[in-house]
Amino acid sequence: MLSVQEIERLSEEFETKTPQEIIQWAVSEFWPEIAMSSSFQTQSMPLLHMVTSLKRGIPVFFIDTGYHLWDTLMFREKIASEWQINVIDLYRDTRWDVFARQNTRSLPLEDPNLCCYLHKVQPMQKALKDIKAWISGIRRDQTSVRAKAKILELQGDGLLKINPLLNWTKADVKKYMEEKNLPSHPLYEKGYRSVGCAPCTIAIGVNDDERAGRWAGRGKVECGLHTDMFKKKDIADVKQEFHMDVTKVK
Ligand code: SF4
């Protein structure tokens, strides 16, 4: 097991390595206790391509919130089948079913933090419980939170999060997509530069920030998978810290 000091040293060293070199290291260090996550949108394609080419059969977690656009689900099906990817769908814990069903329409609008916690954060926490390393596709140029991320990040419970594309830019993604002739999400050309759940995604202009169409005008930029929310395991702590207010949900 790597010590905290070794992780910090390697993370620094990886700042000058290619994503492929970082992925190769991760797979040789942690296989078979390693998985990646993907939202199957256009900017996810390079990492998905690199990881699944380097290690066939690696588990790819896809969070099925139940709020996805049909186009995303169809694109996920097509890529999983054509690339023969071992996709594992993650779902909300069934204990929230009654509450979530009663509030299906209002929850994303009235309390998006709680909604993301129930539909994204908790299912991912559960899926990662039995493995040692998680490859994620975040980039520093996407949000102010991601700008502060490290290539290797030790989560509170010993899980190592690996961010091989952290130093990549939008231009690097485009270049790799063109070089490898990778397909884009079907809504990309219609202005959906970053695609999340239907109630929280809008089309944007070509010059807008890549994630401007996510939770637009609602003061939220992250779902919680890449923030401190992910490190909280108790819903009471999460509710207090992220100002969740279920009383507004109807
Ligand atoms: S992105 Fe919107 S609909 Fe999806 S889980 Fe978060 S708040 Fe809910």
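Strands β2 and β3 run parallel and are joined by 5 bridges. Within this pairing, Pro 59 has Asn 86 of β3 as its bridge partner. The model is a predicted one.

Both strands belong to an open sheet of 6 strands, ordered β3-β2-β1-β4-β6-β5, in which the pairing is mixed. The edge positions are held by β3 (86–90) and β5 (152–154); each has a single partner strand, so one side of each lacks a neighbour in the sheet. From one strand to the next, the twist averages 30°.

Elsewhere in the sheet, strand β1 (residues 34–37) runs parallel to strand β4 (residues 133–135), and 3 bridges join them. Here Ala 35 lies opposite Trp 134 of β4.

| Helix | Strands touched | Angle between directions |
|---|---|---|
| α3 | β1, β2 (59–63), β4 | about 160° with β1 |
| α7 (residues 112–128) | β1, β2, β3, β4 | about 155° with β2 |

Besides packing on the sheet, helix α3 meets another helix. In general, a pair of packed helices is described by the distance between the axes and the angle between them. For α3 (residues 45–54) and α9 (residues 170–180), the axes come within 9 Å and cross at roughly 55°. On the α3 side, the contact is made by Met 45, Pro 46, His 49 and Met 50, while α9 contributes Val 173, Tyr 176, Met 177 and Lys 180. Sorted by class, the residues of this contact are 6 nonpolar, 1 polar and 1 charged.

The last topic is charge pairing. Side chains of opposite charge can pair when their charged atoms come close. Across the whole structure, a search finds 14 salt bridges. Glu 15 and Arg 140 form a salt bridge through their side chains, with an N to O distance of 2.9 Å. This pair links distant parts of the chain, 125 residues apart: Glu 15 is in the loop between α1 (4–14) and α2 (19–30), and Arg 140 is in the loop between β4 and α8 (144–147).

Conventions. Residues numbered from 1 in each chain as written. Predicted model: local features only at pLDDT ≥ 70, side-chain atom pairs only at ≥ 80, totals over all residues. Heavy atoms only, no water. Axes fitted to C-alpha atoms, helices over the stretch in contact; angles between N-to-C directions. Helix = DSSP H or I, 4+ residues; strand = E, 2+ residues; numbered from the N terminus. Contact = heavy atoms within 4.5 Å. Nonpolar A, V, L, I, M, F, W, Y, C, P; charged D, E, K, R; others polar. Pairing = 2+ DSSP bridges. Salt bridge = Lys/Arg side-chain N within 4 Å of Asp/Glu carboxyl O.
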